[in-house]
Amino acid sequence: QFLFVVTFTTFLLCCVEYDVLFANRPLNHSHAGGATPDRSKVTLPDAVLPAPQCAQRIHASGWIIFLLVMAAVFWLYRLVKVLCSLLSYWEIRTFYIKALNIPSEGLCNYSWQEVQARLISLQRRQQMCVHKRELTELDIYHRILRFKNYTVAMVNKSLLPVRFHLPLLGSVVFLTQGLKYNLELLLFWGPGSLFQNKWSLRPQCKRAGARRELAQRLARAMVLLGLANLLLCPCVLVWQLLYAFFSYAEVIKREPSSLGARRWSLYGRHYLRHFNELNHELQARLSRGYKPATKYMNSFTSPLLTVLAKNVGFFAGSILAVLIVLTVYDEDVLTVQHILTAITLLGLVVTLARSFIPDEHTVWCPEQLLQRVLAHVHYMPDHWQGNASRSETRSEMAQLFQYKAVFILEELLSPILTPFILIFALPARALDIVDFFRNFTVEVVGVGDICSFAQLDVRNHGNPQWLSAGQTEASVYQQAENGKTELSLMHFAITNPRWQPPPPSELFLSQLKEKVQQDAAAAPPAQRILAEGPLGTSLLS
């Protein structure tokens, strides 16, 4: 795709004669015999310049040469990465076939739990990890999700500068793929990062006496990386614009309402992610919550916007209908200049207007809809409870569940805004980040350095609101917000029923099971609930 975008864009810029293509200049059709063919229409080959002339245009533009050189360097870097990845993938394939006895053609028939069970069994037989005899499910998750758990914990503790208060817009969240890539480069795997390799922090990161020196060094690295992003901003911005155009232009023309579809934002994926939750587990959970979340967000309508959309749709649809009838009556109408453009734009306007008109049969029940969302996403700020119908709750939900158009806009703005976040906002958090890695890193034998939140230890990181008295010793600084430790523990125990949790966590789970059983025994039968609640009947139907 990268090669195609670069090659095709260069061809469009330097190898097409647009005056001929748009018929702004008459084309002299000449043949060897001197006879002029009897044709007035311009064909595509007529508008394409010969190869020597095309090459001459490329050589004459310094900017195009510079961008092509940058693209070539980036492509070679990607090529090396792909080759290294292929070697790793080949090793993984060999390991699955020879060690786990899972053939490639049968891999799709195995669940992750079956693969994990074979891995644990293999450790008992062959002692792959030499530092410990038994591998647990938690050890495997720690190895896979080492850096992800740190990122989830930093988002949970509001350590990363991704929330900003802007005039007119209020509170906004900005976390894009470009900003995330730079953060991972700084903290995990870049040159001079806090991790010296894939499994251990640098020794100075664990010493309290070196915290200020380390923070100054990290802040300096943030500023330098921000300046590098600023320098590369034109190249990255051009690439983002071209890639977005080639990716979404046809989709928008065919289905304009796709811009009004929603998706879980990158910030939402980190905010809603449990500790020790694999990518496929997170994706499955958020996919189950997609329809309830869409229904909740669509339940908010503006009467003024609805009236406006109906009128705009009516006017645009009327003009479009007339143009279509004229085209059916006489196809020569299509030869009129810009008639196809008008039909396409009117179709876009009609489709967009319809997306703002709510379904007249929708039942207004935001509290029940938000509870259905919570049943799948598991996290909800306390102040949302009982306030599902408020616009503030919807605005905060929109930060987690954003429009696709907003996602595209954020990614396009990312090359411009990311350098300023790295230079001005992030260095102020350098000392807090260094302290976070020192205070919340533990070394596990056979696994390496991991985020202590990922141990799912309710005694050290539990929230008193979720636990009985005396079950946690965590201070406010040590607690995970929104009950993430407890919810992550419940999720991991359900996903891995053979896992043996530590005693404090096991006590919490046993008390929780007892409470659930008591509530289930005391609850009225489902038939009576539905019979007494017509709104519940309407919702569940």
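Helices, as named in this account, are DSSP runs of at least four residues, numbered from the N terminus. In the predicted model described here, the place of Gln127 is, on that basis, in the loop between H6 and H7, and the phi of this residue is near 55°, a positive value in a residue other than glycine. A second case is Asn101, which is likewise not a glycine and has a positive phi of about 60°; Asn101 lies in the loop between helix H5 (62-99) and H6. Most residues other than glycine have a negative phi.

The protein chain is divided into four parts, namely domain 1 (1-27 + 40-141), domain 2 (145-284 + 402-437), domain 3 (303-356) and domain 4 (456-527). Several spans within the chain carry annotations in an unreviewed UniProt entry, where residues 1-23 are listed under "signal peptide". In the model, that span is 74% helix and 0% strand, and the C-alpha atoms at the ends of residues 1-23 are 32 Å apart. The unreviewed UniProt entry also gives "transmembrane region" for residues 58-77, 221-246, 304-326, 338-357 and 412-431. Among these spans, residues 58-77 are 95% helix and 0% strand, with 24 Å between the end C-alpha atoms, while residues 304-326 are 100% helix and 0% strand, with their end C-alpha atoms 34 Å apart.

The relation between domain 1 and domain 4 was examined next. The C-alpha centres of domain 1 and domain 4 are separated by 43 Å, and 6 residues of domain 1 are in contact with 6 residues of domain 4. Between these two domains an area of about 530 Å² is buried, with carbon and sulfur atoms giving 62% of that area. On the side of domain 1, the residues that lose the most area to domain 4 are Glu137, Leu138 and Tyr141, which together account for 73% of what that side buries. As for specific pairings, the count between domain 1 and domain 4 is 0 salt bridges, whereas 2 residue pairs are in polar contact, both at pLDDT 80 or more. Helix H6 (112-126) and helix H7 (137-144) are the elements that give two or more residues to the side of domain 1 that touches domain 4, and the residues of that side divide into 3 nonpolar, 2 polar and 1 charged.

Side chains of opposite charge can pair when their charged atoms come close. One of the salt bridges is formed by Arg57 with Glu17, whose closest N and O atoms are 3.3 Å apart. Because Arg57 lies in helix H4 (residues 51-60) and Glu17 in the loop between helix H1 (2-14) and helix H2 (18-21), this pair ties together parts that are 40 residues apart in sequence.

Technical notes. Residues are numbered from 1 along each chain as its sequence is written. This is a predicted model: local features need pLDDT of at least 70, side-chain atom pairs count only at pLDDT 80 or more; totals for chains, interfaces and linings use all residues. Side-chain values use heavy atoms; hydrogens and water are left out. UniProt positions are given in the numbering used here, feature names are shortened, and annotations may be inferred rather than shown by experiment. Domain bounds come from an automatic or database domain assignment. Contact means heavy atoms within 4.5 Å. Buried area is the accessible area (1.4 Å probe) that two parts lose on being put together, summed over both. A salt bridge is a side-chain nitrogen of Lys or Arg within 4 Å of a carboxyl oxygen of Asp or Glu. A polar contact is a pair of N or O atoms within 3.5 Å; within protein, one must be able to donate a hydrogen and the other to accept it, and residues adjacent in sequence count only if both atoms are side-chain atoms. Ala, Val, Leu, Ile, Met, Phe, Trp, Tyr, Cys and Pro count as nonpolar, Asp, Glu, Lys and Arg as charged, and the others, Gly among them, as polar.
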